[in-house]
Amino acid sequence: MYKGDKLGKHEGRSCEPRGTFRYRPHNWGAVMIFSHGRTKIVSAAVTGAALVATSASAQVEMKSTSFVMGTDATITVDGATAGTSHLLLFDLEPGDFTMNRGQWLGLGFTPAFQVLSVDPVPDSNTLELAMYVPDDEALHGFEFFLQGVSMNRNMGRYRTSNRLDEVVVSQFDGGGASSDADWVLTPSSCRNVATGETINTGSPVQDVFGADQWSSSGKNRPELKTPGDVIELTPGDYEHFRITMSYDRKPGVERVNSHSDYQFGIDPQTVIRASQPGTVRVQPNPVGGSQTHYLEWGGAVTYEGLTFVGDDTMGVGSERPASLRWNFHQGFRDFWFYDCNLEGGFNFETNTGPDCKWGVLTYEMGRSAYDKPGWIWSGGSITGIREEHANYFHNVLGDILVENMTMKWCGRTAFQMANRIGEGPAGVGDLTFRNVYVEDVCLQDGGGGSAFSFNGRHTGTILMDNVTVRLGANPNLHERWNQNITGALVIHAGEDTDDLPNGHVIVKDCDFQVGPHFVGKNSARRGNIQVDECMSFSLINTRVAQLGNNPREALDIEPDRVRDYMIFDDDCEIIGECIYDGDKFPDYQTMLNAIKNEPKVRIQ
């Protein structure tokens, strides 16, 4: 096996390198690095250029994620000169040498010294290497040192990077378990922190969430055995799982039995989190017509830093309560997602990727036994949902909070609320959208609604605070998807609502833009903001822009369908025509002048 050229002779750490590098060109797809005892430490594969271009004259900087047994560590090298060769040097001891061009080398040049050749450096001046650490307990605590050298063999020059001092850690220590964790999972095992017992069944989420036989349904339903636990997932891919709260009690935690929970008792709060945010991926169910993560009963669960890979039906969702056997069902409650991602996987620029119908699909969600909304999605993103909505909420029963997140590339809306009579009770609770970015949704044929669609029969307040919507702004949308461009917001009473209105709708500090690259066609086109059935509507300090010769209006207001009042901020920036009560106005100020004496209108 090729080990690379040595830097002079060596006798352990006391040696002094002589001469310069002699480069032997070699393109390696995978190279094994061994210790002096011939123990496999890592296998490395070049995964391609990464992220940020760096000046060729800048210092070569190298950094890495943790070397955790059974996972990939990522080494990133910034500042390597494009088109040159790069060497990754490995040793078991550090050193301190200054080379003849003033470059520093921090390796000891022991008999274990080896070289990994990467050729060539891409135009981004950045390399990213994925290095797999075997799940071998013999490697636990293994220390080693890495340094990079960027070489221009035509000019005989080289530049060294900083040194990385690394230790191989277990997924149960440096990879993961926090002091408050009750369970620590890897993709193939789980450990009960209290007892120290490790279970290697290959199905860790089933080990933790268990299975309870419900005789009435005749099928197994995975459930949490001890609600209130902190469950920590170390990096890797995990199988799909459900949440069905059991009737067990964690010691010291009281819990009302759900079978007699007519008064809606308080569940202990369970935490399911990634030990390293962004490194845990929950995979879809391989059975068709299914979902990745199903919320089947109960609640009070916090998710932190997980990525859900969307299934062909949905990524995250709950079943319709009418299908449950409990006639006293009072809705799902208290599900909180922090810095989580949901990836449908479809790319609307290349027209490639899997089908995922819904990102989040829920029924009767939002009730809470705590002093916060019953549904929170804070941070992270929902992207690549080919068929329909990023979020589809039915018959909301409590407060919903969506904040600090991105929703991008969906066949239909970023958020749709429907409170149909045939599906459940009228909606209650406040819906808050704060610091949200939305790009290119409603791309399916006909558009399928506006980016945010609120379809009536809801009594709570709907607040949109600092929400940005960009539709048709991406010039690279595939031709299959670039004509279905709609609007940012529609407020109306949809089907099966008896024309019951939405509650009070407030739009403040928002920016809604359609165009300039694509403006839609035929039935997909609609007003940027359409206001029909609601109790009141307020438009405050907001920009609404129809760009690229968009033929549809920026505002379309039906005052007879607004029950109480409308507030219009004189400082709003509205680009495009406006419609009020069927009358068309060339701009926003002209409309305000015409309606300022209307009894329902307040201009501020």
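## The largest pocket

In this predicted model, the residues that line the largest pocket comprise four nonpolar, nine polar and three charged ones. The lining is made up of 16 residues in total, and those lying nearest the centre of the pocket are Thr71, Asp72, Pro235, Gly236 and Thr279. Two strands, β4 (72-78) and β18 (236-238), each contribute at least two residues to this lining, and the volume of the largest pocket is about 320 Å³.

## The protein as a whole

Across the protein there are 47 strands and two helices. Of its 604 residues, 57% are buried, while the accessible surface amounts to about 23800 Å², with 45% of that area belonging to carbon and sulfur atoms. When contacts between residues at least 6 apart in sequence are considered, 75% of them join residues that are at least 24 apart.

Ala451 sits in the loop that runs between β33 (431-439) and β34 (452-454). Its relative accessible area is 0%, and because buried means under 20%, Ala451 counts as buried.

Leaving aside residues up to four places away in sequence, Ala451 touches Thr413, Ala414, Phe415, Val438, Val441, Cys442, Val469, Thr486, Gly487 and Ala488. For His389, which is 62 residues away from Ala451 along the chain, the separation between the two C-alpha atoms is 9.2 Å.

Notes:
Residues are numbered from 1 along each chain as its sequence is written. This is a predicted model: local features need pLDDT of at least 70, side-chain atom pairs count only at pLDDT 80 or more; totals for chains, interfaces and linings use all residues. Side-chain values use heavy atoms; hydrogens and water are left out. On a 1 Å grid over the protein atoms alone, a cavity is a set of points where a 1.4 Å probe fits but cannot get out, and a pocket is an open set with protein on both sides within 12 Å along at least five of seven lines; lining residues have an atom within 4 Å of a point. Grid points are joined across faces, edges and corners, and a volume is the space filled by probe spheres set on the points. Helices (H or I, at least four residues) and strands (E, at least two) are DSSP runs, numbered from the N terminus. Ala, Val, Leu, Ile, Met, Phe, Trp, Tyr, Cys and Pro count as nonpolar, Asp, Glu, Lys and Arg as charged, and the others, Gly among them, as polar. Buried means under 20% relative accessible area, exposed over 50%, partly exposed in between (1.4 Å probe, protein chains only). Contact means heavy atoms within 4.5 Å. Accessible areas come from the Shrake-Rupley method with a 1.4 Å probe; for residues, only the protein chains shown count as cover.
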